[in-house]
Amino acid sequence: MSEPAGAGRTGRARSADGGAAARGAGTAERAAGADRDRARARRERMRGAGRAADRGPAPARPVWAVALDSAAVALLLVVAALGFGPAFGGSGYLVAAGGAIVLALAITLLAVRFAWNILIVTAATMLAYLLFGGALAAPSTTLFGVLPTLETVRTLVLGIVFSWKDVLTLETPLGGFPSTLVVPFLSTLVAGVLAFGFALRLRRAAAWALLPASALLVTGIVFGTREAAAPVLQGLLFSAVALGWWAWRRQENRAEATRATAVGASGPDPASARRLRTTRLATGAGLVVVAMAVGLGAAAAAPAASREVLRDQIEPPLDLHDYASPLVGFRSFVRDEKDQTLFTVHGLPTGARIRLATLDSYDGLVYNVAGDGSSGSGTFTRVSADIPSDTAGDKATLDVTIDQLTGVWIPDAGYLDTVRFTGDRASELAGSLHYNSVTGVALTTDGLTAGDSYTMDVTIPPSYNDEQLSTRGIENLSMPRSTGVPDALTSLATTYAGDTSVPLDQVRNIASSLSQGGFFSHGLEGEATSRAGHGAERIASLVSADQMVGDDEQYSVAMALMVRSLGIPARVVMGFYPAESAGPDATQQITGDDVHAWVEVPFEGVGWMPFDPTPPKDQVPEEQAPKPKADPKAQVLQPPPPPQEPAELPPDIRTDDTDQEAVVDDNSMLGLILLVGGGVLALLVVLLVPVLVISLAKARRRRRRRSAPVPADRLSGGWDEIVDRARDLGTPTTPGVTRRETAVVLATAFPQTPVIAAASAADTGVFGPGEPSPAEVEAFWTEVDGIVAGMGEARTPWQRLRARLSLRSLLRRGRGPVRSQNHGTARPDAARGPGSDAPTPSGSTPPAADPRPTGSEPSHAVEPPRSESAGSASDD
């Protein structure tokens, strides 16, 4: 059935209208989709550009922008490097850090210009460190202060490893020590190369460049001291520069990203862009100002807190037990060197005393230098030429030249401000100088010899009379504990002190009672009998005798112990002062007759004051009984063996780990270069060659010793093997002493090994009747192998490796005498020094007693050996 014509036309019209509407809707939808696609594409391009900007290198930038980045990073590094100031003092650290910043910038600019990779940048940094490090960090090792030498290279290479510990263990200021400037130079150089590299080669420069700059800031704090140099100002300045530069670089990065993504878009008009940039910069500057204000307010409101640094956790390595108390040899000065010039001094103020050592620890055997860190004894630390001191008093400059005085103790006066060594051994003495700022005592682990000289600026504390001291109390100090004090002294101290409660009167009464009630005698020929020493038995006999007879050694110890028994701190000082002072304009010759010992007591507000308990020299007993032959016997019997043992040790024995680590041969230096260089293959071959040569030389030496034609030589060679192993492990032995004396030293360093028994067996085999049998020789070498292995087990793997590479035993001096064809007599055993009456090991034959007084020149007993190795006992 057909539709009407009108209806068809109407339907077709509606269909046509619907189709047109549908087509219009599709067109609009497609247009909207295209808009969405274009917007999505723009967003993707922006994100992609941002990611590329974050990852990729920065495009060529204007010179002014590069200069601004470089200036900002340099300023951050300078502010961070200021943290080294309190520890180093002076301007040397600024020169080192400033030079490192310039080198780092130059390396980075070259790396950007020639597109260097990380390996080339690392190599360039190492080369710059070695070439310019001498002039900036170790100028004393260079030629004309600029040209590097082999010593410069050695100092710089070793400084990479050891200078960090030196900074923590040496006494501030550190600028005067060789190699310590390596720390600010190397740390600033590495931080600078990283910071400049991030700033000039990456888009997000500020975020990355702030990391090494902040690490340098933390390094300066950690390796500094408790007293920081304006920490609030330093922190605020670093924060202000960091925030300002970070805000500027962020704005620059956004501007570059906007320009890169505005393809086909007109973007904001220039006026709007300038307004936006101005707003951002103002906002950033406001943030910086607000941050600085908040920081200043917080710093002002925050309570002062103790600053913890690494050096507070490090203990000095010096062990004073290796050095004998100078008071042990007091009597030898007046007996053997009475008229000999020990040293000369120019500039000594009138009435001033020269201090040799301050003794504050008593164990019943000897009064010694404690230096254990307690408030009354202080600590010995390595110091440079400039010594910080806050002592009040008169300034003086002393010029000292050593003549006959030997030992590790350095004569000084008052408290040191500066020390300048002169002469041929100036650098060695300066490098081994230790000082105790509490006691005012200085020592050098290298020991003093004739011809050494130095100039020191000192502060002489003012003197006070009894009227001034009577109103002051005793300063409360914790002193090292005294043991072995005779009971007679305690009761006598109460009697001598009297009924007064005034501390000064108590101390003065004890000094006067000893000085007025006793008699003076050194016990020399023509004088009254007076035994040397100050052990508990000697001091008890002094105060219990019908007549007190002694000299400064006994009276000063007796008074110090009496005063301490009353609860008053006291210490003994040994030193020198002439009978008549010639004044500061004269050069005075100090002889053995000028040696003295006195007592010091601390008073509140004035410090340690001296007291002299020794009777006048003309106050002698009415009945003198000079017995020249009897006196030496009494003096030999009196000093107890244990405290005399350290006197055998030479003054140049070192226990300072810093000094030991500084004694590194060329082969070890190559090993460190290999370690620092990151395992470069070429250096590995260079390292293996000397290692092989050293190992073969030691193996050949051992084989020669064990296969010697004479059995006694095999025994002696076995003992030499033990001594050489100890030397390689860092335990020095004294040339010119017997095997048993050497064994005592080795037994202290390696208590788990039977070295004393081995020394006794070697002496028995070498000096005994007949030749040792092959079985005895083989058994002895088996014991030697066990001892050598035990020595190595007592050390760390690193120390064992260093021992295997050490040349100490191969280059050591002092071999045994060459035996003639007829087995001629070897040279005699070397003399034993004062105080060498060490306890005889169990199972061994005690040596013959020396009939002369303690401290006298020893006899040279000759024991004829059977072979050429017999004399090597004295060499080891």
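Two strands are taken to pair if DSSP finds at least two bridges between them. On that basis, glutamate 600 stands opposite proline 610 in β17. The model described here is predicted.

Strand β16 (residues 595-603) and β17 run antiparallel and share five bridges. Both belong to an open sheet of four strands, ordered β2-β14-β16-β17, with antiparallel pairing. Its edges are β2 (354-359) and β17 (607-611), each of which pairs on one side only. Neighbouring strands in this sheet are turned by 35° against each other on average, direction ignored. Helix α17 packs on the sheet. The helix touches β14 (571-576), β16 and β17, and its direction makes about 15° with that of β16.

Glutamine 554 is found in this helix, α17 (residues 552-565). Its relative accessible area is 0%, so glutamine 554 is buried. Neighbours within four places in sequence aside, glutamine 554 is in contact with Arg331, Ser530, Arg531, Ala532, Gly533, Arg538, Ile539 and Leu542.

At the level of the whole chain, the secondary structure comes to 29 helices and 17 strands. Of the 876 residues, 45% count as buried. The accessible surface comes to about 41,800 Å², and 60% of this belongs to carbon and sulfur atoms. Contacts between residues at least 6 apart in sequence were also examined; 79% of them join residues at least 24 apart.

A second open sheet was identified. Five strands form this sheet in the order β8-β11-β6-β1-β15, and the pairing is antiparallel. Strands β8 (415-422) and β15 (587-591) are its edges, each pairing on one side only. From one strand to the next, the twist averages 25°. Within the sheet, β6 (residues 394-402) and β11 (residues 453-460) run antiparallel and are joined by eight bridges. Aspartate 399 has threonine 455 in β11 as its bridge partner.

Strand β9 (residues 433-436) has partners of its own. Two bridges pair β9 with β5 (residues 381-382) in the antiparallel sense. Here arginine 382 stands opposite histidine 434. Four bridges pair β9 with β10 (residues 441-448), again in the antiparallel sense. Valine 441 in β10 is the bridge partner of asparagine 436. The hairpin of β9 and β10 has four residues between the strands, and glycine 440 there takes a positive phi near 75°. Side chains of β9 point two ways: Leu433 and Tyr435 one way, His434 and Asn436 the other. All four residues are buried.

Helix α23 (residues 711-728) has 18 residues, which should span 26 Å at 1.5 Å a residue; its end C-alpha atoms are 26 Å apart, so the values agree. Because 17 of its 18 residues are buried, α23 is largely enclosed by the rest of the structure. Glycine 730 follows α23, with a positive phi near 95°. Helix α7 (residues 182-201) has 20 residues and reaches 28 Å from first C-alpha to last, close to the 28 Å expected at 1.5 Å a residue. With 16 of the 20 residues buried, α7 is also largely enclosed by the rest of the structure.

Aromatic pairs were then counted, and the total comes to eleven. One of them is formed by phenylalanine 198 and tryptophan 208. This pair is tilted, at 6.0 Å centre to centre and 55° between the planes. Phenylalanine 198 lies in α7 and tryptophan 208 in helix α8 (residues 205-222), so the pair ties together parts that are ten residues apart in sequence. Phenylalanine 198 counts as partly exposed, at 25% relative accessibility. Tryptophan 208 is partly exposed too, with a relative accessible area of 44%.

Another pair joins phenylalanine 333 and phenylalanine 576 in an edge-to-face arrangement, with 5.8 Å centre to centre and 85° between the planes. Phenylalanine 333 lies in helix α11 (residues 330-336) and phenylalanine 576 in strand β14, so this pair ties together parts that are 243 residues apart in sequence. Burial was assigned under 20% relative accessible area. Phenylalanine 333, at 10%, is therefore buried. Phenylalanine 576, at 1%, counts as buried as well. Ring pairs link Phe333, Phe343 and Phe576 into a cluster.

How values were computed. Residues are numbered from 1 along each chain as its sequence is written. This is a predicted model: local features need pLDDT of at least 70, side-chain atom pairs count only at pLDDT 80 or more; totals for chains, interfaces and linings use all residues. Side-chain values use heavy atoms; hydrogens and water are left out. The expected span of a helix is 1.5 Å times one less than its number of residues. Buried means under 20% relative accessible area, exposed over 50%, partly exposed in between (1.4 Å probe, protein chains only). Contact means heavy atoms within 4.5 Å. Accessible areas come from the Shrake-Rupley method with a 1.4 Å probe; for residues, only the protein chains shown count as cover. Axes are lines fitted to C-alpha atoms, for helices over the stretch in contact, and angles run from 0 to 180 degrees between N-to-C directions. Rings of Phe, Tyr and Trp (its six-membered ring) pair if their centres lie within 6.5 Å; planes under 30 degrees apart count as stacked, over 60 as edge-to-face and the rest as tilted.
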